[in-house]
Each structure stands twice: as structure tokens, then as C-alpha cells.
Amino acid sequence: MKKLAQDMRIKLMCLFFIAFTGISFSQNVVCSLQDKQAFEKKITQIQGLNNADIGQTMVAVGKTFMGVPYVAKTLEVGATESLVVNLHGLDCTTFVENVLAFSLLLERGKKDFDSYTKILEEIRYKNGKLDGYASRLHYFSEWIANNEAKGLLTNVTKEIGGVPISKGINFMSTHRDLYPFLKDDGNFKKIQASEAVLNNKPLYFLPQDQVAVQEHLIHSGDIIALTTSIDGLDITHTGIATRESDGRIHLLHASTGSMKVEVSQVPLADYLKKIKKNTGIMVARPNL
């Protein structure tokens with residue numbers, strides 16, 4: 001009886017903690033009550049936005065996030081890697097991931113939270129499976145390649161005039177102090193292994209001075225990744241292409257300038273010229 005009473009007290013304390021903090025930890029999913037409510041609201045918002053052209057769906061879904069604050073490092077939660085759901089604060093990558101996830105929910109005819117988290121895990125992790133910190137697709141060029149292998153998108157960079165990138169990708173392992181999870185030697189070695197695989201695959205980018213020329217080949221809904229001259233790094237920013245009323249491709253993104261989700265005021269080609277150390281873009285096209 002004494003042990004039963006102790007167990008009951010522990011359970012009540014846990015329930016109190018969850019109710020007080022609004023955070024639930026279930027099957028490696030971390031989600032606040034507010035974000036669960038935001039999910040339900042988003043499902044209502046996006047109904048009717050499904051289009052035969054998934055690119056149009058991506059733009060329509062992406063614009064329902066307009067005004068959501070930019071917040072960095074939202075995935076660095078807890079002592080171990082978890083599937084973090086945060087719809088109240090997005091960085092450039094989690095914005096793209098969530099737009100793709102909700103677009104796929106529409107395409108697959110799903111509305112439930114479990115389907116959403118499964119799709120988010122499918123997108124965010126190597127081969128669609130959360131298996132520790134190193135299983136997250138940290139480098140966006142690897143994110144593109146792995147999601148292409150899953151059949152979720154197609155890297156069209158080379159097709160639209162891209163040229164090879166000749167640089168080593170090793171920013172994480174050479175800046176270990178910037179990543180708390182890399183204090184763990186196991187995580188560090190796995191990231192080094194990921195970098196080795198990435199460096200054995202050809203990477204292409206569309207040079208900045210060719211973006212305006214090739215803009216007609218970029219579709220609304222394409223995922224845009226900004227390449228950089230920073231040593232060891234592939235991508236510094238991401239967003240979604242949207243052809244606006246001026247007939248030009250703009251960038252729908254979680255902006256570090258305005259600190260919110262917005263459409264760039266100037267066309268993508270002009271926007272890139274303002275980005276320090278930008279060299280061009282990679283372009284990935286979502287698949288039906």
C-alpha cells in the first residue's frame with residue numbers, strides 16, 4: 001500500500017508538471033499544449049488549399065504562416081534528440097519542413113496529429129527515422145539529398161543550369177564548440193561520418209549571377225537553399241519560391257531581417273545580392 005501511494009504521488013507530480021509547463025514528452029515528441037492547439041488551427045486553415053500542383057499547395061500553405069516570428073534553435077531541446085513541434089516560432093529550416101509536412105498531409109488526405117508528427121519525422125531525419133542527434137539532417141544539402149532518396153522531392157539545380165560546388169563540407173566538426181550535442185564523442189564521430197558521405201557526392205548550385213537568367217525555370221513552391229562561400233558550410237538560409245504579381249520569383253521565408261515569416265519585397269535574384277557571402281542557390285522541387 002505504501003508503494004502504491006508513492007507511485008500515485010509520482011504520477012500526480014508528473015501530471016502536475018505537464019499541466020503546468022504545457023509540454024508533453026511522448027514517444028520522442030516534444031509539443032506544448034499551445035502548439036497542439038496551433039496544429040488544430042492550422043489543419044482548419046489549410047482545408048481547401050490542396051491543388052493538383054503541389055507547388056501551388058506549398059505556396060498557399062506557406063502563406064498561412066505569414067507573420068509567425070523567426071526563432072532560432074527551436075530544435076535544441078532537452079538532453080537527448082526529440083521530435084520538436086513548434087508552430088509559434090520558426091527558423092528558416094523548420095518553416096520549410098512544416099510547409100512541406102502540412103502540404104503532404106493535404107496530399108495524403110490526413111488531418112490527425114499522429115500523421116503530422118510521422119511526416120515531420122520522415123522529412124527531418126535520415127531515412128525518415130529519429131535515431132539520436134546525428135540522425136537529424138543538419139546540412140541542408142544532405143536534407144535535400146535524403147528527401148530526394150525518399151521520393152519527397154527532386155533536386156533540379158543541375159537541370160536548371162547548376163554547376164558543381166568544389167568545397168569540403170565540414171563546418172560542424174570544425175566548429176564543435178558551437179554545437180552542445182557535439183560534446184558527446186559518439187555524436188561527433190557520427191557527424192564526421194555524415195560529412196564524409198556528403199563530400200563524396202557531387203553538389204551543384206546555380207550561381208548568383210545566373211539566377212535572374214534562369215528564373216523562368218524556377219517554379220512556385222520550389223524549395224530554395226542559399227549557398228555560401230563560408231568555409232565548410234553548404235547553405236545559410238532556405239525558403240520557398242513564389243511567383244508574385246510582378247511576374248517575378250520572390251522568396252517566402254522565415255526572415256532574419258524582419259524576424260517573421262514573409263515574402264521578400266524584392267525578387268529572389270535581387271534579394272541574394274544583399275546576402276553577405278552568398279554564391280547562389282540550390283533548388284529542390286516537391287513531388288506529388
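Which residue forms a salt bridge with E122? That partner is R108, and the closest N and O atoms of the pair are 3.2 Å apart; a salt bridge here is a side-chain nitrogen of Lys or Arg within 4 Å of a carboxyl oxygen of Asp or Glu. The model is predicted, so local features need pLDDT of at least 70 and side-chain atom pairs count only at pLDDT 80 or more, while totals for chains, interfaces and linings use all residues. Residues are numbered from 1 along each chain as its sequence is written, and side-chain values use heavy atoms, with hydrogens and water left out.

**Overall form**

- The protein chain holds nine helices and 11 strands, where helices (H or I, at least four residues) and strands (E, at least two) are DSSP runs numbered from the N terminus.
- With a radius of gyration of 20 Å, close to the 19 Å that the globule rule gives for 288 residues, the protein chain is as compact as a globular protein of that length. The radius is taken over C-alpha atoms, and the globule rule is 2.2 Å times the number of residues to the power 0.38.
- The C-alpha trace of the protein chain spans about 75 × 45 × 35 Å along its principal axes.

**Burial, contacts and surface**

- Of the 288 residues in the protein chain, 48% are buried; buried means under 20% relative accessible area, exposed over 50%, and partly exposed in between (1.4 Å probe, protein chains only).
- Among contacts in the protein chain with a separation of 6 or more, 63% involve residues 24 or more positions apart, a contact being heavy atoms within 4.5 Å.
- The protein chain has an accessible surface of about 14200 Å², and carbon and sulfur atoms contribute 55% of it. Accessible areas come from the Shrake-Rupley method with a 1.4 Å probe; for residues, only the protein chains shown count as cover.

**Charges and salt bridges**

- The protein chain has 33 positive and 30 negative charges, whose mean positions are 5 Å apart. Lys and Arg count as positive and Asp and Glu as negative, without His and the chain ends; each charge is placed at NZ of Lys, CZ of Arg, CG of Asp or CD of Glu.
- Side chains of opposite charge can pair when their charged atoms come close. The salt bridge count comes to 10.
- K63 pairs with E244 in a salt bridge, with the closest N and O atoms 2.9 Å apart. Since K63 lies in helix α3 (residues 54–63) and E244 in the loop between β8 (235–243) and β9 (249–255), the pair ties together parts that are 181 residues apart in sequence.
- K63 is partly exposed at 34% relative accessibility, and E244 is partly exposed with a relative accessible area of 24%.
- R108 is partly exposed, at 37% relative accessible area.
- D185 forms a salt bridge with R176, the closest N and O atoms lying 2.6 Å apart. D185 is partly exposed at 48%, as is R176 at 28%.

**Two buried residues**

- S82 sits in the loop between α3 and β3 (83–85) and is buried, with a relative accessible area of 10%. Not counting residues up to four places away in sequence, S82 touches N28, V30, Y125 and L130.
- I191 is placed in helix α8 (residues 185–199) and is buried, with a relative accessible area of 2%. Not counting residues up to four places away in sequence, I191 touches A134, H138, M172 and L182.
- I191 and Y139 are 52 residues apart in sequence, and their C-alpha atoms are 10.0 Å apart in space.
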